[in-house]
Amino acid sequence: MDFLIADIQEKEVAEPMVPSFPQLKSTATGFPEHKKRSRVSAFKQKRQASKPEEHKPKVTTTASTAPLSASSHDAQHSAPSTENFKASEQQSIDRENNDKLSSMSPQEIEAARQELFNGLDPSVLEMLLKRANLDEAANASALDHPDATPTLNPPEIRIEDTSAAPSSSTLDHKTAVDSTGSRSSKHVRFASVVDEEEEDAKTVSETNIPPPPQASSGDSDNSTPKPSPAEHPTTTTPNADTPSPPKPHWPHPPQPEDIDPHDPDFLQKLHSRYFPSLPADPSKLAWMAPVPTPNSPADQDSPYHPSQTSLPVSALRFDFRGTLLPPRVSRAVPMTKGLHHHGEAPEAAGYTVRELGRLCRSAVPGQRCVAYQTLGRVLYRLGRGQFGGAGPDDHMARGLWAEVEECAVLRSLYEEAGTEEGSGHRSARIFAIEAIWLFEKGGWKERLQKGR
């Protein structure tokens with residue numbers, strides 16, 4: 001163990017160096033200069049190794065022995081090949097059409113033509129005929145000589161003598177030479193293709209111009225000859241006897257007459273027009289019937305008409321505050337209060353206990369909320385004795401309670417109030433709890449037990 005024990009030797013520590021920031025080279029732009037990499041990247045080396053030079057196609061030009069890449073060679077030959085393909089395709093289509101027409105008899109051609117005329121819209125047919133007339137000359141020349149391209153002749157040097165009298169065509173763009181300067185001067189200009197076309201048109205027009213009529217000796221020198229009728233261009237008008245192309249016949253189904261909503265047979269006509277194959281059920285369309293006019297036979301048959309001497313308890317109507325609405329007051333309530341609906345008596349405002357019990361089982365939370373709130377207020381007023389006592393002779397209060405039990409109103413309220421927190425509709429649950437509290441606060445149970 002002696003070799004593990006030795007004297008402690010301290011090393012000499014040099015003075016620590018103070019850190020310094022790197023010195024950046026100043027550039028003209030203020031940004032670091034791009035560093036040129038002399039080493040080839042590994043990716044490029046793999047690409048070069050996978051494609052050796054001997055497998056690459058090489059194309060040399062006649063001017064130099066430097067090889068061209070395959071992409072440039074393809075670009076040089078792609079455009080002419082595309083044009084040749086289009087021209088050959090046009091020729092093959094034209095040849096096929098001509099062979100088809102030559103194999104058909106005149107009767108078959110006329111039958112096919114009439115079939116096309118009868119099947120196309122007149123406006124579309126007219127557009128196609130105009131297009132065919134416009135493109136006929138251009139298409140014929142392109143199909144006959146697909147490779148013919150206009151070539152420009154080399155410029156020609158012409159020497160013109162400006163001392164001669166200028167013609168009418170040169171007066172438009174040249175000024176007349178002064179008569180005092182009789183010295184001849186010559187100019188040299190290059191003739192282009194446009195000049196040659198102008199000269200050709202000029203020669204054609206000169207050959208077509210008729211000779212002017214000879215003036216008689218009695219005419220004055222300043223008189224101008226009148227143009228002959230042949231000089232005016234004649235316009236051809238279409239002959240009135242020319243038959244117009246036949247118009248296609250499109251069959252239209254018979255259109256039924258419009259239905260008047262105020263018609264007494266509105267529902268029957270509605271069913272016969274839109275649902276003729278379905279069986280008719282007038283009870284399902286009764287809610288769409290118009291409201292009967294006041295004091296009409298249909299209005300007097302209403303279950304909530306003021307002329308009736310007695311009303312069943314099931315027909316009594318209440319507003320949203322739980323107040324009973326008599327028939328005369330119910331008819332005076334405006335539509336803006338929101339108490340009218342498609343029930344048994346659509347002309348009367350308010351809801352019955354049965355209608356509110358039906359809304360308690362609705363899938364729409366808003367309808368359940370309105371039903372819970374209204375029923376809670378009706379039950380509170382029932383317990384307070386506003387509709388009569390709980391005795392055996394109080395038929396109105398006993399009848400309302402029978403309607404509540406028959407429609408299972410309390411069961412719907414307890415089911416909605418018993419939903420767990422976080423599940424179901426929160427507002428409907430709160431309104432159901434409020435309705436139960438109003439029922440307990442009214443004290444109808446105690447009154448039933450006491451019998452008064």
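# Helix packing and salt bridges in a predicted model

In this predicted model, Leu410, Leu413, Tyr414, Glu416 and Ala417 of helix α12 are in contact with Ala428, Arg429, Ala432, Ile433, Ala435, Ile436, Phe439 and Glu440 of helix α13, where contact means heavy atoms within 4.5 Å. By class, this contact of α12 with α13 has ten nonpolar, no polar and three charged residues; Ala, Val, Leu, Ile, Met, Phe, Trp, Tyr, Cys and Pro count as nonpolar, Asp, Glu, Lys and Arg as charged, and the others, Gly among them, as polar. Residues are numbered from 1 along each chain as its sequence is written. Local features need pLDDT of at least 70 and side-chain atom pairs count only at pLDDT 80 or more, while totals for chains, interfaces and linings use all residues, and side-chain values use heavy atoms, with hydrogens and water left out.

**The chain as a whole**

- The protein chain has 14 helices and six strands, which are DSSP runs numbered from the N terminus (helices H or I, at least four residues; strands E, at least two).
- Of the 452 residues in the protein chain, 17% are buried; buried means under 20% relative accessible area, exposed over 50%, and partly exposed in between, with a 1.4 Å probe and protein chains only.
- Among contacts in the protein chain between residues at least 6 apart in sequence, 55% join residues at least 24 apart.

- The axes of α12 and α13 (residues 426-442) come within 8 Å and cross at roughly 130 degrees, the axes being lines fitted to C-alpha atoms, for helices over the stretch in contact, with angles from 0 to 180 degrees between N-to-C directions.
- α12 and α13 are therefore oblique to each other; angles under 35 degrees count as roughly parallel, over 145 as roughly antiparallel, 65 to 115 as roughly perpendicular and the rest as oblique.
- α12 passes α13 in a left-handed crossing, a term that applies if the near helix is turned anticlockwise from the far one by less than a right angle, whereas clockwise is right-handed.
- Ile436, which lies in helix α13, is buried with a relative accessible area of 13% and, leaving aside its neighbours within four places in sequence, is in contact with Leu413, Tyr414 and Ala417.
- Ile436 and Arg377 are 59 residues apart in sequence, and their C-alpha atoms are 9.9 Å apart in space.
- The axes of α10 and α12 come within 11 Å and cross at roughly 120 degrees, which makes α10 oblique to α12.
- In a left-handed crossing of α10 past α12, Arg368, Tyr372, Leu375 and Leu379 of α10 meet Val409, Leu410, Ser412, Leu413 and Glu416 of α12, and the residues of this contact divide into six nonpolar, one polar and two charged.

**Salt bridges**

- The structure holds nine salt bridges, each defined as a side-chain nitrogen of Lys or Arg within 4 Å of a carboxyl oxygen of Asp or Glu.
- Glu416 forms a salt bridge with Arg368, with the closest N and O atoms 3.5 Å apart, and this pair links distant parts of the chain, Glu416 being in helix α12 (residues 409-417) and Arg368 in helix α10 (residues 365-383), 48 residues apart.
- Both Glu416 and Arg368 are buried.
- Glu403 and Arg354 meet through their side chains in a salt bridge of 2.9 Å, N to O; Glu403 lies in helix α11 (residues 395-406) and Arg354 in helix α9 (residues 353-360), so the pair ties together parts that are 49 residues apart in sequence.
- Glu403 counts as buried at 8% relative accessibility, whereas Arg354 counts as partly exposed at 36%.
- Arg354, Glu403 and Glu406 are linked in a network of salt bridges.
- Lys269 forms a salt bridge with Asp263, the closest N and O atoms being 2.6 Å apart, and Lys269 is partly exposed, with a relative accessible area of 39%.

**Individual residues**

- Ala408, in the loop between α11 and α12, has a positive phi of about 55 degrees although it is not a glycine, and at 18% relative accessibility Ala408 counts as buried.
- As background, most residues other than glycine have a negative phi.
- Gln268 lies in helix α6 (residues 266-274) and counts as exposed at 59% relative accessibility.
- Gln268 and Ala280 are twelve residues apart in sequence and 8.4 Å apart in space, C-alpha to C-alpha.
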